[in-house]
Amino acid sequence: MTSNPRPALYLAPSVNTTTVVTTTTTTTTYAPIQLPPIPPPSSPKDPKQYPLLNATLPKSLREFPLVFPGGTRATFHDGEQGEQEMQEEESVVEGKGWRMIKRDESEPRKEVGLAEAIERYGRKRSYSNENMMEGIEAIPGLVTNTPPRKKAKSHPPPINTMNSAAPPSPLPSPHGSPPPESIWPSAPPSGHSSPQPQAQAPVQPDLSLTTLLALPSLLSHFSSLPPPLQSHVLLTFLRHSPLSVLRTLHSVLTPTLARDFLTLLPPELVSLILSFLPFPDLARASRVSKSWRAIIDSDPVLWRDLLKSTRIWFGHDSETAFSDAIMARRRRQGLPAPNSLPLPHPYKILFKSRHLTRTRWVTNQEPKRLTFPAHGRSVVTCLIFSHGRIISASDDHSIHVYSPVTGTLIRSLDGHDGGVWALAATKNTLVSGSTDRTVRIWDLETGRCTHVFGGHTSTVRCLAIVKPEMIDYENEHGMTVREKWPKRPLIVTGSRDHSLRVWTLPRPGDEEYRCYGADDTEVDPSEEDVDDNPYHKLHLEGHDHAVRALAARGRTLVSGSYDCTVRIWDIITGECKWVLVGHTQKVYSVVLDINRNLACSGSMDGTVRVWNLNTGQCQHILAGHTSLVGLLGLSPSYLVSAAADSTLRVWDPDTGELRHTLAAHSGAITCFQHDEFKVLSGSDGTLKMWDIRDGTQVRDLLTGIVGVWQVVFEGRWCVAASNRMDSTVLDVWDFGNDEDEDWEGEPPGGLYDEESDYDDEEEEDLDRTQAEVDAMDQDLDGMPSDPEFVDADQDHDLGATDDDDHESRSTTWRGLSQSTTDEGDDSAKASTSTGQYRSRLSLRSRSQREPIVSPPAGPSEPQLRMLPAPEDTPTRPRTRNVGHRRRWQP
């Protein structure tokens, strides 16, 4: 395409019919008449001041027909568009081994210029009538002498369409214009002196052609006029223009003069303007154009304010955790793709997800439901929903993985020799703990058990996966810094053997490890020497009774025990920071909030206590339940407790104020889960939904069944395990619609699996730190043993010591609740299935044990147990008869 294309006139072919014996029709096509080009501006013009200079005109203004005097037809083509169309016409469709031939490509196309056509026209009309073929009608007034058949002496001058030869401009030229010359050449001279008829040119000039030829001159004159006079001239033209012309101009001017204020204003003002729009209007505005969608979707301030104004901004880093998870997922998937629209800010996704969670669960009265059998008639002890998979564990020793869409059993994980009472999952890794005293790690993609950890001498009752996350940590210099801890994922397990253990979570592809006796049912895995296990990190001792519950985040571990205490540990160093004393009976449940630096515990004494992790003091004693508080749940705004007195209570975790009492069940609460909108609770054959904000009951999801074992929900999905007609079934509800594919659920506790769990540089630092700790441990191992510690050398069944569990069983639903199920049953099941596992304990003399400090009567402030001196710490070292596997120590 040339830099300054010229407009052109395309003449319609002329048709000449000669009648002899037959009729011969000759069609002559003409080359386009090149009109004077529009002169470019003398200096670059600002597009903002001249918005129409480079605007694309509609096709009706780039190409239109003209009719000249005498009926000659032509088509005006804008120069730039004409060249573009010519190039498009010249393009040939072809492929490998073939080429499409145009319809007229096989025949040569005869095309003559306008000057040559006029010459031929004049020469033809100068012929004598005498020598014309017979049958041709004579033209009156012409002489009959035949002119000599020879070539004209000279060709007529070519058509000159430059401004100097153009017809006079309607406006006077400031420099004067030369007299116009005829642009049409005359006929060739004849050999006779008689008058000849005037040759008819194919185009007779008229006002249209004159205007086209004079357009550059008109534009030059117009550009030199002052702006007020330009406006007056244009307005005069417009006042004399018909409605059709005005409409055409309007169609060009309106989009050109329109201004997209969102793209012109500063982002701060755009956010302020859009903040006044409600969500439905924002959704419509985002569909106006791609630029508006990009502006609206990517504005974090807009969506943050919208979350707050609609009361679905919960704080306490829940929004930050969601945003970090979405961004980590995009980095892993390589999003956004090149040359694609910008992706919406995570706050927009969060707003939509929370809006759907708040509305769909209430308005969708007929959610899609799927029911299928699971685990035969056995009790479902654990139920989790992870990455679109339902994972259930049972006291029948099995772990099943189901699809929530079809209910199909994807995999059955078999390997435990006892009931599975603890589960945790991250990505494609599953960790399970059992009454067979082992911890197993599974690959959910293949269903293989890749690792088996031994070391606990009784049932593994609780466990958690601790993932790396940024926390505020006080370093060795006493300064509070923000660091990522732990450096790589850890596993923390709590057992009825009174202790906790910390393990490194194996990476996918790490070397497999199977403890001593993992594949031999005749061998006790508790005799495993954990020093042989490269994944074992710490053995935390201090509790005087079974560890019933634990919670861990960052570097902090909270454990609750049947010894009525709660302990706070550093899982990196193994240090016990606080022993929290106050409960008068067994502790059954604990939760941890590292953002508030709080821990909460529920006990058989019917109270819930809120502890300050900085001071070790009890901040609040939440009284009201009349029986065992077996379950606790914590969200950014609510602390929920469930008890055997058939009620749930909703508390403010900051002030300890009771918000609501949910009382509609007739039996002990066996399971529940809550978020910032709702509570789902199971008991006595019913599964109920509550509105957590006002404490009202919304609906019954299940009725008329024997009992509800477990319930979990995330996003659009809800899964419940229940007993029905003497068999165990799983019910799955989908509260979403077909257009809710991007509904993102928020996992309980705000623990996401999107971030990378491994940082090689940080792991090297951790390995060095751990090597120093191990060296210190070896130094301590080399010291003489305390003479107080003697080998009792007697079998002691830990499960048989929890006789007081049978008292709590009578106050709860027998055998159905994970929180209220008798721990003695765990040991009984383990004894029948694993051949009466027993362990040898080295017992400390009773006189040397530290007594439990009982709090004073009444709800006064509890006593704080100070940490004893190292030589007085009531640890319980265990001596195992491991034969040749036992290492010698001085």
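Which helix does leucine 243 lie in? Leucine 243 lies in helix α6, and we will come back to it below. Keep in mind as you explore that this is a predicted model.

**The nonpolar core**
- The largest nonpolar core is made of 30 residues, and those with the most contacts inside it are Ile391, Ile399, Leu423, Leu430, Val431 and Phe453.
- Among the elements that give two or more residues to this core are β11 (380–386), β12 (389–394), β15 (420–426) and β16 (429–434).
- β15 is the element that gives the most to this core, with four residues.

**A buried threonine**
- Threonine 450 is found in strand β18.
- Threonine 450 counts as buried because its relative accessibility is 12%, and the cut-off for buried is under 20%.
- Its side chain makes a polar contact with the side chain of histidine 451, at 2.8 Å.
- Beyond its neighbours within four places in sequence, threonine 450 is in contact with Ile441, Asp443, Glu512 and Tyr513.

**The nonpolar surface patch**
- The largest share, six residues, comes from α6.
- Back to leucine 243: this residue is exposed because its relative accessible area is 51%, and exposed means over 50%.

Terms used: Residues numbered from 1 in each chain as written. Predicted model: local features only at pLDDT ≥ 70, side-chain atom pairs only at ≥ 80, totals over all residues. Heavy atoms only, no water. Core = buried A, V, L, I, M, F, W, Y, C linked by side-chain atoms within 4.5 Å. Buried < 20%, exposed > 50% of the residue type's maximum accessible area, 1.4 Å probe, protein only. Polar contact = N/O pair within 3.5 Å; in protein donor to acceptor, adjacent residues only side chain to side chain. Contact = heavy atoms within 4.5 Å.
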